[in-house]
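I opened my notebook to look up a few things in this structure. My notes follow in the order I made them.

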Amino acid sequence: MRRTGSPIGLVVILVMALVLAACGTGDDAAETTTTTAAETATTAGDTPEPTTTTTEAEAEPEPASVRVGLGNMPPSGMPYLGAGSPGQYVWSNMFDALTRIGPDGAPESALAESWSTADDNLTWTFNLRSGVTFSNGEPMDAAAVEATFATVLSEEGRATYSANANNYGFIDTVTAIDDSTIEIVTSSPNVLLPSAISIAYILPPAYFADAGAEGFAQAPIGSGPYAVSEWGDDEIVLEAWAGSWRGEPQIATVTYLNLPDPAARVQALQSGQIDIAQSPSPDQADSLISDGFEIYSATRGQVLAMALVTDQGGPLADVRVRQALNYAVDKEAIREALTGGFSPTAGLYAPPGVNGHDGNRFVYPYDPDLARELLAEAGYADGFDIEAEMTLGSFPADAEIFEAMAGYLADVGVNVTITQVDFRGEWLPKFLGTDGADWSGNAFNYSWGTAPLFDAIRPFNFYQCGWTNAWYCDEEAMPLIEAVNTTFDAGERNAVLAQLLDHTAENPPSVMLTENFELWAHTGGISNFNVFAFNAPFDDVSSN
Amino acid sequence: MTDQLDRSNVAPGTDGPGATSSVGSSFGRYAARQLLRRFGQLVVLVVSISTLLFFLLRVTGDPALVLLGDLSTEEDLERVRSFYGLDQPLIVQYVLFVFQAIRLNFGRSLVSFEDALSMVLEKMPATIQLALAAVVLNLVVAILVGGWLGYRPERPERRAGLFAVLVSQGVPGFVIGLILIQIFAVELRLLPSIGREGLSSFILPAITLASFLLPRVIRLTAANVDDAMREDYVRTARASGATSTTVLFRHVMPNAVVGTIALVGVQFGFLLSGSLITETLFAWPGVGLQLIEAVRALDFPVVQATVAVVAVLVFAVQALVDILIPLADPRLRSQRA
């Protein structure tokens, strides 16, 4: 009765502790409160509400800002510490290479306006675009190109930047002939040099020398239409730079946020906290579309496939059996049911967006009766067993697609047992034959992948007799592969490539399934958002 | 129904907070001994988990292969391995790792090339802030709700309450997080669900993280309150005419709270493990999010630096609790001194 104050005291102390803890959440928290409110106002979601500052008579639209939720952030601001997604989504806005991959998979002019090859097929001359500068004012000239390649292709650079440099490791020397001419000499003829160097971004030499690789990674500078205003592990802010040779983009600010959880990423889109979300689950596409969001499906230049190990003999060494397996699987049904119809194609070796694509090329139709006939003809009327070593979870619905494939194959008597293997610990060493590792089953998953070249020849460099740890060897294909790799005339080369692809369709080395794809969801106000060859440039994107 | 009370008792508490011995030099010696003991344990722990982790990580895959991908040639592999010292025998790599780690050098991230320890320390404040908010939330809610539930646990509404708490202990934290986001960010658009900007951004992640531990802490507090209510000194207090509030807050709670604090301290490591999920869900820029990404990329140096730093943090909190508990409860002091 005397001390009724004490309980209140206890509560007060606890509440104070809570407040203190919250205050201890940092000065930055307090400072950023206002900007958050402002940002939420300008980016609030699918309904384009006017911000508090805009008036009815809008002569000039507000400079738009767009927030993008990525599942993974670029590994670094130093673009040689990676290749492909997710780095290129961002880097393609800040940097330029001599070339870039066009929408049809062929290399296009970027910093180089044109290029040619000498008769030895080893020496290349690239003519640079004139008047290009980096956003810090440094000229983008032949000296900059030479300095960049000197860094990347040095002994240390080849180790440090292997993820990127490995794709054009066949380059011997890169020399500036004059301000606007570069000579590249390769150690062996490689017709795909222009495609391979589309990920070799040119860096401003003086700034790079000054900042060092580490400093550069924190504050990267390039010649693209966006300059970095903030580079963090969890947030990257790019501001439009009017001085770029690519022209001034319409979106003033692009912010990339690290949102690794797919469900939370879609919720962030639905709640108006972001405008573009990478990789929403295909299951959510319908409900997003009905809520007014748009779904964009981009090709990754690769097709999900089960590679068949044939160098051990057995049923899979018989071409009729491999044809039968391709007839037995209803790829279109899988495409519709398991990819939500988002996979662009099924069963093709060179999908659209890849050099070598031909929409009329033969694709195995679903014909289980023919499959059984072919199996019987080959002496396997009662079927056989396949042990498949698979990494699962690398592509949307891959586990379900392989299960469905196994179901179709079981219908014609071929029983597939799928063993899940770890990509790093098991798959990769077996694929490369590292320290004598080899496939223990007679099939494995290997995407028919063309990235980063986006040329149909790339997978043939592995699916062939000469591969380090070859599992498949088609002697008839070898001269064709050789010819494609050494023919420098684009027209002639594409003709041989078409022959090779036709030959391969008749002599399938794998069970071809659906094309891999990447989905993006964005608000209805965003237009011209495109992703190809892992580049997601904002050059032409607009927002209202 | 009292089975729903958690009696896995971390709490002391059979006597009242009677003895008022002075906090003198004996306590200082005690605290120093405690710290020394804890420090010894810390060293053993950090060394053993680092060793375990070192070998486990290397069993999962060859980082040179991960860096190079399907284009690797033997020459590339050799170059990358020698660059990172991965061509040395494993035991040599381990000895080098230990020598460097002693000097707090965990090496550079294999992904971004930044100094691994700096990367972790940079992310630490965000994680600590969130964990602290969750701890405070746990204490406040557990004391209020647990006190209410344990004061008269036989009443039907409190039995129902205890049952609800028990059930909620089975709901995974990420489910709670996703539901909170759906309600407060997507439907109501009241609170942000991503990033760490402003006080409002703390609310949903802190509640989610707190929920990993909260049901247990509430049940323990309720059980301790219930126990204390049966004690002689409480009966005496009541007999001498003290009001219910006085009895609860003056006599019962001080006992019960010691157990609550002890549980939260002991479970701090568990709470941090919840931050892996919470930070991923809310894109909270802390060590949890970073660790998930480092493991995915097989980025050894970052994983090892994170584990070392988190181990030190967890032990620091436990050492703190070790020292604070006897301060709050004189019986423990006299027992150990």
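**Chain A as a whole**

I began with burial: 54% of the 544 residues in chain A are buried. I keep in mind that this is a predicted model.

Next I looked up the secondary structure. Chain A has 17 helices and 19 strands.

Then I turned to the contacts. I took those in chain A with a separation of 6 or more, and 69% of them join residues 24 or more positions apart.

I also checked the surface. Chain A exposes about 21100 Å². Carbon and sulfur atoms supply 50% of that area.

**One histidine in chain A**

I picked A:H522 and asked where it sits. I found A:H522 in strand β17, which covers residues 510-522 of chain A.

Is A:H522 buried or exposed? Its relative accessible area is 5%. I call A:H522 buried because that value falls under the 20% cut-off.

Which residues does A:H522 touch, leaving out those up to four places away in sequence? I listed A:L269, A:D275, A:I276, A:F293, A:E294 and A:F529.

I also looked up A:P260. A:H522 and A:P260 are 262 residues apart in sequence. In space, their C-alpha atoms are 17 Å apart.

**A patch on chain B**

I moved to chain B and looked for a nonpolar patch on the surface. I found one formed by B:I91, B:V92, B:V95, B:L96 and B:F99. Together these residues have about 440 Å² of accessible area.

Where does B:F99 lie? I placed B:F99 in helix α4 of chain B, residues 90-102.

Terms used:
Residues are numbered from 1 along each chain as its sequence is written. Chains are lettered from A and ligands numbered from 1 in the order in which they are written. This is a predicted model: local features need pLDDT of at least 70, side-chain atom pairs count only at pLDDT 80 or more; totals for chains, interfaces and linings use all residues. Side-chain values use heavy atoms; hydrogens and water are left out. Helices (H or I, at least four residues) and strands (E, at least two) are DSSP runs, numbered from the N terminus. Buried means under 20% relative accessible area, exposed over 50%, partly exposed in between (1.4 Å probe, protein chains only). Contact means heavy atoms within 4.5 Å. Accessible areas come from the Shrake-Rupley method with a 1.4 Å probe; for residues, only the protein chains shown count as cover. Patches are made of residues with over 30% relative accessible area and no salt bridge: like charges are joined within 9 Å, nonpolar side chains (Val, Leu, Ile, Met, Phe, Trp, Tyr) within 5 Å. A salt bridge is a side-chain nitrogen of Lys or Arg within 4 Å of a carboxyl oxygen of Asp or Glu.
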